[in-house]
Amino acid sequence: MTRMPLIAGNWKMFKTVSEAVETAGTLARNLTGRDMEVQVMIAPPFTALSPVSRVLKDTPVALGAQNLFWEKEGAFTGEISGPMLVSAGCRFVIVGHSERRQYFGETDETVNKKLKSALEVALIPVLCIGETESQREAGETFSVLDKQLSDGLKGIKLKDPESWVVAYEPVWAIGTGKTATSAQAQEVHAFIRNWVTKAMGENVGGALRILYGGSVKPDNISELMAMPDVDGALVGGASLDPDIFLEIIRYSRQT
Ligand code: PGA
């Protein structure tokens with residue numbers, strides 16, 4: 001089963017509008033024909049989505065948001081809905097990032113509502129799951145992931161493997177400089193693919209893209225991408241500098 005790799009940049013709470021526009025422009029201008037073998041997405045903060053979308057128009061770089069709220073509109077001060085993201089030019093949206101779970105009280109139940117609302121407006125959700133260090137040490141990695149998948153995806157039966165993406169992000173590897181070894185990543189990615197195949201069938205499980213995230217850098221991407229079930233990366237810190245992100249895109253190619 002061939003799956004188009006996806007290298008996604010999560011800019012988190014970094015960059016003003018002008019900084020975001022400049023970074024996105026540099027990235028788009030410096031992609032070469034060969035980089036098209038990989039799909040590229042960036043997720044700037046909400047304030048920069050519309051201006052960055054204008055910069056990315058007619059380029060191969062896709063735009064994503066870092067979060068959404070599940071209602072379409074209403075009296076929900078400070079929230080942003082799926083239709084608003086679509087109107088700002090987004091094709092992707094990150095859902096359930098561990099920082100949102102850790103600092104903003106997101107649970108598998110809210111993740112589930114967010115996934116449904118993203119799918120309803122044909123935004124491609126990047127569902128983030130992953131265990132903490134103490135859960136890994138206690139041997140709970142697979143039971144934690146199983147719960148995040150079954151509760152997060154409750155009532156969702158996808159037929160089109162391209163309509164969503166999963167990102168495995170071990171919490172202990174995010175922003176810490178500690179990366180999972182490629183063998184650790186492969187073991188978990190195979191578990192996730194197997195879980196999805198059982199729940200939604202071979203067509204969906206086999207073609208679903210599963211990204212790895214957590215301290216991805218130019219010097220570890222190649223080894224990670226060599227694993228059969230690693231289909232790309234969700235990159236935080238190293239996506240902020242367009243030259244470093246371009247290196248990650250280049251080294252992610254296996255040919
Ligand atoms: P990092 O973040 O690459 O800075 O570790 C990854 C993420 O949080 O998506």
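In what order do the eight strands close into a barrel? The order is β1-β2-β3-β4-β5-β6-β7-β8, and the pairing is parallel. This is a predicted model, in which local features need pLDDT of at least 70 and side-chain atom pairs count only at pLDDT 80 or more, while totals for chains, interfaces and linings use all residues. Residues are numbered from 1 along each chain as its sequence is written, and side-chain values use heavy atoms, with hydrogens and water left out.

View 1. Helices (H or I, at least four residues) and strands (E, at least two) are DSSP runs, numbered from the N terminus. Two strands pair if DSSP finds at least two bridges between them. Strand β6 (residues 165-168) and strand β7 (residues 209-213) run parallel and are joined by four bridges. A167 stands opposite L211 in β7. Helix α8 (residues 182-200) packs on the sheet and touches β5, β6 and β7; the direction of α8 makes about 145° with that of β7. Axes are lines fitted to C-alpha atoms, for helices over the stretch in contact, and angles run from 0 to 180 degrees between N-to-C directions.

**View 2. Helices α1 and α2.** The axes of α1 (residues 17-30) and α2 (residues 49-56) come within 9 Å and cross at roughly 25°. The two helices are therefore roughly parallel to each other (angles under 35 degrees count as roughly parallel, over 145 as roughly antiparallel, 65 to 115 as roughly perpendicular and the rest as oblique). The contact (heavy atoms within 4.5 Å) is made by V17, A20, V21, A24, G25 and A28 of α1 and P51, V52, V55 and L56 of α2.

View 3. The 13 residues of α5 (residues 108-120) should span 18 Å at 1.5 Å a residue, and the end C-alpha atoms are 18 Å apart, which agrees. The expected span is 1.5 Å times one less than the number of residues. Buried residues of α5 (under 20% relative accessible area, with a 1.4 Å probe and protein chains only) include V111, L115 and A118. Among the elements covering the buried residues are β4 (92-95) and β5 (124-129). After α5 comes A122, whose phi is positive, near 60°.

**View 4. Helices α5 and α7.** These helices pack at an angle of about 45°, with their axes 8 Å apart. That makes α5 oblique to α7. D108, E109, V111, N112 and L115 in α5 meet K147, Q148, D151 and G152 in α7.

Notes. Buried < 20%, exposed > 50% of the residue type's maximum accessible area, 1.4 Å probe, protein only.
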